[in-house]
Amino acid sequence: MKIKKLRPEFLQNVPDELSEGVLYISEEFATAGHLCCCGCGEEIFTPLNQAQWRLIKNERTGTVSLYPSIGNWKYPCQSHYWIDKNVVKDAGPMSNRTIENVIKRDRRDKDKYIKEHNQEARDHEDNRGYISRFVRWFLDKW
Ligand SMILES: [Zn+2]
């Protein structure tokens with residue numbers, strides 16, 4: 001890893017131009033940004049929320065950690081590291097299995113959405129079925 005340490009910088013907005021070795025943190029917009037620690041220059045943004053990354057601040061030492069690790073499998077460098085108390089720790093190449101799990105998790109979220117969506121459509125169908133049965137019953141009478 002080319003960059004071995006990140007200096008946290010708290011500001012309102014993550015700037016457009018990022019500098020190497022700085023972890024820009026906007027608590028207001030719940031996001032952090034830095035240049036990939038392998039030195040490839042990719043801008044890595046990590047949304048800070050329950051489902052994505054957690055920022056752990058140590059007020060006493062002025063250090064920050066990000067949890068979980070940063071896995072840049074979308075970028076050519078495929079670098080993978082931890083930011084632990086400002087120190088960049090190589091997490092080793094990501095196994096295909098890890099990448100698969102990430103993809104699977106994304107897909108699960110999507111499946112859940114589709115399922116809920118379909119259920120709504122089905123409920124709607126049921127209502128229609130009920131009405132058409134009623135109409136048929138009504139027509140039979142006449
Ligand atoms: Zn990189």
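Analyst: Along the sequence, the protein reads β-β-β-β-β-β-β-β-α, that is, 8 strands and 1 helix; helices (H or I, at least four residues) and strands (E, at least two) are DSSP runs, numbered from the N terminus. The model is predicted: local features need pLDDT of at least 70, side-chain atom pairs count only at pLDDT 80 or more, and totals for chains, interfaces and linings use all residues. Residues are numbered from 1 along each chain as its sequence is written.

The sheet in question is open and has 4 strands in the order 5-6-7-8, with antiparallel pairing; two strands count as paired if DSSP finds at least two bridges between them. Strand 5 (54-58) and strand 8 (87-90) are the edges: each has a single partner strand, so one side of each is left without a neighbour in the sheet. Direction ignored, neighbouring strands of this sheet are turned by 25 degrees against each other on average, the axes being lines fitted to C-alpha atoms. Strand 6 (residues 63-71) and strand 7 (residues 80-84) run antiparallel and are joined by 3 bridges. Isoleucine 70 has tyrosine 81 in strand 7 as its bridge partner.

Lysine 85 lies in the loop between strand 7 and strand 8. Lysine 85 is partly exposed, because 15 other C-beta atoms lie within 10 Å; a residue is buried with 20 or more such atoms, exposed with 12 or fewer, and partly exposed in between, with C-beta atoms placed from the backbone. Leaving aside residues up to four places away in sequence, lysine 85 touches Asn58, Thr61, Thr63 and Ser65, where contact means C-beta atoms within 7 Å. From lysine 85 to valine 102 there are 17 residues in sequence and 25 Å in space, C-alpha to C-alpha.

As for the wider setting, the domain assignment, which is automatic or from a database, gives domain 1 (7-93) and domain 2 (95-142). Taken over C-alpha atoms, the centres of domain 1 and domain 2 are 39 Å apart. The C-alpha trace spans about 85 × 35 × 25 Å along its principal axes, and buried residues make up 13% of the 142 residues.

Confidence, given as pLDDT from 0 to 100 for each residue, has a mean of 87 over the protein, with 91% of residues at 70 or more. Among the elements, strand 2 (residues 22-26) has the highest mean pLDDT (98) and helix 1 (residues 96-141) the lowest (72). Where pLDDT is low, predicted coordinates should not be read in detail.

Conventions:
Axes are lines fitted to C-alpha atoms, for helices over the stretch in contact, and angles run from 0 to 180 degrees between N-to-C directions. pLDDT is the predictor's confidence in each residue, from 0 to 100. Two residues are in contact if their C-beta atoms, placed from the backbone, lie within 7 Å.
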